Amino acid sequence: MLDSNVLIQIFARAPVLRRVKRRLAEDVGDNAALHWYRILLTRTLTAARSLERSLEGVAIEVWHPPFDDDYALTDLLGDATLRLFPQAEGDLGVKMQSALTDGLNRANRVLLMGADCPVWTRETLLGVFDSLQASGDCTLVPAEDGGYVGIGIMGRVPEIFSGIDWGTPAVLGQTRREAELRGLTLSELSPLWDVDEVTDLERWLSLEPHLPRPIG
């Protein structure tokens with residue numbers, strides 16, 4: 001059974017045209033890319049909310065680039081009480097290290113997740129926190145493309161975010177290496193996948209053919 005005092009941090013961008021899903025936009029256009037991003041972010045929050053509703057002591061935060069418009073995020077998320085935080089300056093590793101460090105000041109266990117994975121569920125989220133409770137240190141949810149879609153920690157933030165070639169298929173392997181070098185217990189759940197390119201979108205639509213299509 002999951003203990004209380006856990007935190008879910010969602011890394012997200014404000015839903016602004018030409019600022020989100022730029023690789024996807026190369027194939028489907030800017031308006032369609034924005035449409036699908038809005039659904040992805042809403043879907044991510046829905047999964048987090050499902051865990052929050054069913055268990056006590058679960059909190060949710062959204063972390064966004066510092067130049068983003070808070071209003072655009074709040075409007076999409078539909079909850080003015082949801083706490084928004086600016087990400088740190090630097091590469092993705094610096095941003096993650098900073099957010100996780102901040103999170104551990106307010107929770108025993110923290111899960112940092114992206115907003116691009118359409119197949120997060122309450123059970124997967126619960127699996128991360130259960131894994132941390134059982135094995136401690138750090139739990140990864142790998143991505144099929146060689147990265148990871150979520151990372152859970154407890155106790156302290158592991159020093160595994162430097163020297164990583166972010167945005168490449170080498171991310172997961174390099175993270176494993178950094179953990180091994182530091183004697184860190186690193187648990188992994190079953191891989192998930194995110195939507196970056198048109199083939200990912202087609203996969204998603206084959207699973208959920210009734211998703212609303214963009215207009216125009």
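Trainee: Is K21 buried or exposed?
Mentor: This is a predicted model. K21 has a relative accessible area of 11%. Buried means under 20%, so K21 is buried.

Trainee: What makes K21 and D196 a salt bridge?
Mentor: The closest N and O atoms are 3.3 Å apart. The cut-off is within 4 Å, so the pair counts as a salt bridge. K21 sits in the loop between β1 and α1, and D196 in the loop between β7 and α7, so the bridge ties together parts 175 residues apart in sequence.

Trainee: Why is D196 called buried?
Mentor: D196 has 13% relative accessibility. The limit is under 20%, so D196 counts as buried.

Trainee: Which network includes K21 and D196?
Mentor: Salt bridges link K21, R23, D116, D196 and E197.

Trainee: How do you know that E144 and R203 form a salt bridge?
Mentor: Their closest N and O atoms are 2.8 Å apart, and the requirement is within 4 Å. E144 is in the loop between β5 and β6, and R203 is in helix α7, 59 residues apart.

Trainee: Why is E144 called partly exposed?
Mentor: The relative accessible area of E144 is 48%. Exposed needs over 50%, and buried needs under 20%. E144 falls in between, so it is partly exposed. R203, at 33%, is also partly exposed.

Trainee: What makes R176 and E188 a salt bridge?
Mentor: N to O is 2.7 Å, against a cut-off of within 4 Å. R176 lies in helix α6 and E188 in strand β7, twelve residues apart.

Notes
Residues numbered from 1 in each chain as written. Predicted model: local features only at pLDDT ≥ 70, side-chain atom pairs only at ≥ 80, totals over all residues. Heavy atoms only, no water. Salt bridge = Lys/Arg side-chain N within 4 Å of Asp/Glu carboxyl O. Helix = DSSP H or I, 4+ residues; strand = E, 2+ residues; numbered from the N terminus. Buried < 20%, exposed > 50% of the residue type's maximum accessible area, 1.4 Å probe, protein only.
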